[in-house]
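Got the viewer open and a selection tool handy? Follow along from one stop to the next.

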Amino acid sequence: MTNSARFDRGHTDDLMSFLAASPSPYHAVANAAERLEKAGFRQVAETDEWDGRSGGRYVLRGGAIIAWYVPEGAGPATPFHIIGAHTDSPNLRVKPIPDTGTRGWRQIAVEIYGGTLLNTWLDRDLGLSGRITLADGSSRLVHVDRALLRVPQLAVHLDRSVNSEGLKLDKQRHMTPIWGLGEVAEGDLMAFVAEEAGVPAEDIKGWDLMVHSVEPPAYLGRDRELVAGPRMDNLLSVHAGTAALAAAATSGAPLTAIPVLAAFDHEENGSQSDTGADGPLLGTVLERSVFARGGTYEDRARAFAGTVCLSSDTGHAVHPNYSDRHEPGHHPMPNGGPILKVNVNQRYATDGTGRAVFAAACERAGVPWQSFVSHNSMPCGTTIGPITAARHGIRTVDIGVAILSMHSARELCGAEDPYLLAHALTAFLES
Ligand code: ZN
């Protein structure tokens, strides 16, 4: 690999810890906040009055975090350099009346979240995580990281055509995890969760719980040049963005724009929520930051007009067994550096001017980059980039990292790419 000389495995080691510690969006934003706190950032409440002083701040709302660093000397019309990402991943989420089962099996009723690759959840050891809301209105994180649940696949003897005709899974009938034997009892799961959280069961008034694979991330390949792990789409970008913002805030480099990290929830189902990219959260935070520095609506308009967002999300690396599904002239490879995503029908927001911004950041960082575009007869995915561009009128560039097995319970990426992405993002924030 051409980048081996510069490659720092420490960044990827840290990403692997971040992935393992972030089974839910709520954990992801808490872990991002913890890293930013170490870089001097402080949380501000949306319900408080904000001041315009310099320094690092962040807002947490559910599974979303917006963090920004106001450099010394920033004026009310100073533009923003934003890194966009999302914290959620496709998975199985606990239904409102979770305790179910049949024929002596205890099971948990789940709803499918996002575009889950269902088969990848079969026969895995699954844990449980998320948040519970208590009687006093406060929330608490829950993380049961042991083999607790399993969605058992039907034996081949009872599904003779599965290998010739393909596996057919019904979301309602076939994806219900088992979690033990015995009588189904109402309130059983919440009693267990209360015990794990150390609170009385009657104190739990609400929950947002989901399941995750308990297998930790691992290096893979002859030379350990790949990483296998969960939720790289898109915690890989959240982690890189957090590292880049912390670096920009602490490096002492002169900043002509205000660096921002915006990591949203609910990308996997369309972003329309109060914590999603299609909600007002980012715009409200940026506006309040302008007004807190004494700005007028004119200053806000000038700041937004000069703002650029690099929206980072995973894309598809060329699959060696299905290379016909990919555009033959564009073949992003793991460890080839971050990808620039283009779709002229605005599934991605990148245009030629955005390409120039991204290429310049990569050049300053000494990072190689690659182009991604879809095969014309394949559907193209989308992400928060076009939503951010349309909702806030902010110039946006879609970028990311090429992975395999997107939306699987265990995805695969190059071990060097997270590091290369973080460096390109830092150069962008510091430009
Ligand atoms: Zn994604």
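Start by selecting Arg 150: with a relative accessible area of 33%, Arg 150 is partly exposed (buried is under 20%, exposed over 50%, partly exposed in between, using a 1.4 Å probe on protein chains only). Arg 150 sits in the loop between strand S8 (139–149) and helix H3 (162–165), and Asp 123 in the loop between strands S6 (105–113) and S7 (126–134), so the pair ties together parts 27 residues apart in sequence. Helices (H or I, at least four residues) and strands (E, at least two) are DSSP runs, numbered from the N terminus.

This is a predicted model, where local features need pLDDT of at least 70 and side-chain atom pairs count only at pLDDT 80 or more, while totals for chains, interfaces and linings use all residues. Residues are numbered from 1 along each chain as its sequence is written, and side-chain values use heavy atoms, leaving out hydrogens and water.

Next, pick Asp 208 and Arg 131, whose closest N and O atoms are 3.0 Å apart in another salt bridge. Asp 208 is in strand S10 (204–213) and Arg 131 in S7, so this pair links parts 77 residues apart in sequence. Then select Glu 46, Arg 61 and Asp 274: salt bridges with shared partners join them into one network.

Last stop: Glu 34 and Lys 38, a salt bridge at 3.7 Å. They are 4 residues apart in helix H2 (25–38), about one helical turn.

Conventions:
A salt bridge is a side-chain nitrogen of Lys or Arg within 4 Å of a carboxyl oxygen of Asp or Glu.
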